[in-house]
Amino acid sequence: RKAELAQWVNRPTVSSDGHRIELAANIGKLEDVQKALDYGAEGIGLFRTEFLYMGRSELPSEEEQFNSYKYVLEKMAGKPVVIRTLDIGGDKELPYMELPKEINPFLGQRALRLCLERQDVFRAQLRALLRASRYGNLKIMFPMIAVLDELLEAKRILEEEKQKLVASGVEVSSSIEVGMMIEVPSAAISADIFAKEVDFFSIGTNDLIQYTMAADRMNETVSYLYQPCHPSILRLIRNVIDAARQEGKWVGICGEMAGDLTAIPLLLGLGVHELSMSAGSILPARELIGKLSRTEWETLSKQALSMRGQTEVLSFVQEHQ
Ligand code: PEP
Ligand code: MG
């Protein structure tokens, strides 16, 4: 089986009717980059930078971050690398950063909400990213955006840091794409508004499902509500992809759902451009997509959108695979 999959390592990902999609890897640690390449990743679709901040006793310096981002960009040698700004809070704590005690941390000051408050931390990360940008194909992504003002403020701060660096003679790439995660239902619903202000979306289904179903992603007792292929989730994904298309922007998916072989035919049919997953899932996904007709799944996915629940969707997918 391993040898069988290995033949897919250096191939593009193409559906049986000739549509190309990109399969990228999610990474957290620097060691993951080599693994991503070994497993045939066409890019990094999500670098969870919080791992640079965790398991230590102080904030990583701008210099240290610069070196990490430069390493990943160089190693990927021109392939796209989506780096997400700090997503701390929620379940992820930093002992050296005084975070407020909250009753509902997942609904509290996490990710970009915290970064807009702690701008010293945010700006240092953005400077490190901008300085590293000339070493590869960098795309910067903001997490947990709920309303347009958050995005505009994050973009304003990024632009400000960029201007300062350029004014001081630092070389910054002129082709950095700026995107946002879609993981809060409000952003999925209003995707048409956001699409005008970004270069790309990446749908974080782990959180999008949690917030849409109002079911804690860590809580076993409500895990039956964690339904990636529920029509309500598929409808949100459809809305995001259609909105992006209208503006000529691309959409990736970087939650667990992206590597789920049952969900992939539906995501292909909905017209997703990129799927980012743990490295180990890439080759099975590429092999599967090679057998699927996107045109056929366009029709099938539309049918799935109006089904009564996930059970119905899952047996439908199985029947047609
Ligand atoms: C997600 O929410 O789907 C996601 C990719 O981000 P994380 O799992 O890091 O919250
Ligand atoms: Mg998330």
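Around ligand 1 sit Leu46, Arg48, Asp87, Glu183, Gly204, Thr205, Asn206, Asp207, Cys254 and Gly255, where a residue counts as near a molecule if its C-beta atom, placed from the backbone, lies within 6 Å of it. This is a predicted model, in which local features need pLDDT of at least 70 and side-chain atom pairs count only at pLDDT 80 or more, while totals for chains, interfaces and linings use all residues. Residues are numbered from 1 along each chain as its sequence is written, and chains are lettered from A and ligands numbered from 1 in the order in which they are written.

**The ligand shell**
- The shell around ligand 1 holds 2 nonpolar, 4 polar and 4 charged residues; here Ala, Val, Leu, Ile, Met, Phe, Trp, Tyr, Cys and Pro count as nonpolar, Asp, Glu, Lys and Arg as charged, and the others, Gly among them, as polar.
- Both β3 (44–48) and α10 (205–213) supply at least two residues of this shell, and α10 gives the most, with 3 residues.
- Helices (H or I, at least four residues) and strands (E, at least two) are DSSP runs, numbered from the N terminus.

**Helix α10**
- In α10, 7 of the 9 residues are buried, meaning that 20 or more other C-beta atoms lie within 10 Å of the residue's own, with C-beta atoms placed from the backbone.
- Those buried residues are Thr205, Asp207, Leu208, Ile209, Gln210, Tyr211 and Thr212.
- They pack against β6 (177–182), α8 (185–189), β7 (200–203), α11 and β8 (250–253).
- Just after α10, alanine 214 has a positive phi of about 50 degrees.

**The nonpolar core**
- The largest nonpolar core has 96 residues, of which Ala25, Ile44, Met180, Ile182, Ala191, Phe201 and Val240 touch the most other members; such a core is a set of buried Ala, Val, Leu, Ile, Met, Phe, Trp, Tyr and Cys residues joined through C-beta atoms within 7 Å.
- Helix α11 (residues 231–246) brings the largest share of this core, 8 residues.
- Setting aside neighbours within four places in sequence, isoleucine 44 is in contact with Ala24, Ala25, Ile27, Ala36, Val72, Met76, Val81 and Val82, a contact being two residues whose C-beta atoms, placed from the backbone, lie within 7 Å.

**The chain as a whole**
- You will find 15 helices and 9 strands in the chain.
- Buried residues account for 46% of the 321 residues.

**Confidence**
- The chain averages a pLDDT of 97, and 100% of the residues score at least 70; pLDDT is the predictor's confidence in each residue, from 0 to 100.
- For the complex, the predictor gives an ipTM of 0.99 and a pTM of 0.97.

Note on methods
A residue is buried if 20 or more other C-beta atoms lie within 10 Å of its own, exposed if 12 or fewer, and partly exposed in between; C-beta atoms are placed from the backbone.
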